[in-house]
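Please look over the sequence and the model shown here before reading the points below.

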Amino acid sequence: MDRKRHGLHYTPPALAAFVAERALAAAPRRPLRVLDPACGDGELLAAVAALAPDAELTGYDLDERAVAAASARLPRAAIAHKDFLESPPPERFDLVVTNPPYVRTQLLGERAAELAKRFGLRGRVDLAHPFVAVAPSLLDDGGVLALLCSNRFLSTRAGENVRRVLTEELSVREVFDLGDTKLFSAAVLPAVVVAVKGAARGDARYATAYTTDSPAPEGDLFAALLADSDSMMSLQGKAFAVSVGVMRDWRLSTPERDSRFERIAQRTWRTVGEVAKIRVGIKTTADSVFIADWSSMQDPPEAALLRPLLNHTDLRAWTPPAAPATRVLYPYLDRPTRQPVDLADHPRAAAYLERHRDRLEGRAYLRRAGREWFEIWVPQRPSAWREPKIVFPDISPEPRFTIDRTGSIVNGDCYWISVPEIGEDLAHLILGVANSAFGLRHYDDVCGNRLYAGRRRWTTHYVGRLPLPDPQSPAARGVIATARALMAGDGNQDGLDAAVEQAFHAQWGAGGR
């Protein structure tokens, strides 16, 4: 079975034990009726049984081998080979404990729209969303949902489905963002949420754990997550900063952080997303056809259609990109709106594309959108590429914002902002804030969406939340001037960091991440 396609990431025993312990701490004090709607090999149910031997266990799963393993492991449990979403159990439970399958919208295909309609979901739906949506209806009053899933739901737009269910239908008690602790063998950054049905709402505990460069003693990660204060500890040779507080708007809140946010808010004129349209680069959905080694080809497409293509490897903070060596076959006229070329005017490109016609026509979504078979999926505005633009990679440990003036097209592993749409001063103000130590720290405080090895997602949703000071204020003029100097190769990063800190009066203490 393709584990990635079916979203199978079985729960490690130590994490299962932690989830079970937190679930039972909130659960009613009685022999429990427990359901795991995607039980896999039974690890979560076994962890519950180890702490509550008299619990009545029920599990569903679509994987016959997993069902057999769980049944052998838990002979007293009712383990069924069923599709939970198609045949949910008729009874209610005291505890639903689950690590639901995570399958992205792209892999779900047309089923994503069907699931969204059936379960009242919005936007980009992954397979975990309907599992969460159904859970409250299966709980008795006072019942507990213990959810283990990707931490992406904490801050992404797609995660709004999960956040809405947890806040509107349940009362959240605890949130643990386990960040890049690498507790799963797969590349999954997990989070644990414990929520109660019918309970009064109050402050929920919120704790995070992310790698740090600071030295730290060996420690117990789960004990640190339950401690009363922040700490540093090492696990398997890696140091982690553990921060604890309460949940506010699905982020970590402490008195020190809240005071800092208030100071920043008072000095924020607009956010980046309020003043600039942030666009993703082109997406061909057939890169091996449209991005190739044209120099080795006997009869390559016409040079007019082979446009320079910037990708994430071309971008450095403050360094204007050189014209890239990579070329993309970009079959559009240089117009403000998308208009494909007439292939009759480009016979070599037509012959090349014809050789790949079967693959290109296999993109059914292109046909359904009324597009030509040889188009790319996301071309953006063809004529906008020749204008100056802020560009930055979608994933990077550090901010790498710069301005491209080569007229290159931007690849889908990057994002861009048109400079003419906002003006040079505002563009340099955005660069200054985004490339500063303040911008990096504010990202971590507000977005908290890091990957392994300290990498961060610099996507529209997160970059759009960066604050900007009033561009007419003396402090902002200082940031703009310093950013211009850095782009010209004659500036100082420390000076920029100081200017941005002064603009927001946002000094950080020694603690936190």
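This is a predicted model: local features need pLDDT of at least 70, side-chain atom pairs count only at pLDDT 80 or more; totals for chains, interfaces and linings use all residues.

**Nonpolar cores**
- The largest nonpolar core is made up of 48 residues, and those with the most contacts inside it are Leu15, Val34, Val48, Leu95, Val97 and Leu225.
- Helix H2, which spans residues 13-26, gives the most to this core, contributing seven residues.
- Once its neighbours within four places in sequence are set aside, Val97 is in contact with Val19, Val34, Leu35, Asp36, Pro37, Leu44, Leu45, Val48 and Ala146.

**The four-stranded sheet**
- Four strands form an open sheet in the order S13-S20-S16-S18, and their pairing is antiparallel.
- Strand S13 (279-280) and strand S18 (402-404) each have a single partner strand and stand at the edges, so one side of each is left without a neighbour in the sheet.
- Strand S16 (residues 389-393) and strand S20 (residues 414-418) run antiparallel and are joined by five bridges, with Phe392 standing opposite Tyr415 in S20.

**The three-stranded sheet**
- Another open sheet has three strands in the order S15-S14-S19, and here the pairing is mixed.
- Its edge strands are S15 (327-329) and S19 (409-410), each of which pairs on one side only.
- Strand S14 (residues 306-310) runs parallel to S19 and is joined to that strand by two bridges, and Leu309 stands opposite Ile409 in S19.

**Helix H17**
- Helix H17, covering residues 424-434, is mostly covered, since nine of its eleven residues are buried.

**Cysteines**
- With a disulfide taken as a pair of cysteine sulfur atoms within 2.5 Å, the count for this model comes to zero.
- Cys149 is in no disulfide, and the nearest cysteine sulfur, which belongs to Cys39, is 18 Å away.
- Because buried means under 20% relative accessible area, Cys149 counts as buried at 13% relative accessibility, and Cys414 likewise counts as buried at 0%.

Notes
Residues are numbered from 1 along each chain as its sequence is written. Side-chain values use heavy atoms; hydrogens and water are left out. Buried means under 20% relative accessible area, exposed over 50%, partly exposed in between (1.4 Å probe, protein chains only). Two strands pair if DSSP finds at least two bridges between them. A nonpolar core is a set of buried Ala, Val, Leu, Ile, Met, Phe, Trp, Tyr and Cys residues joined through side-chain atoms within 4.5 Å. Contact means heavy atoms within 4.5 Å.
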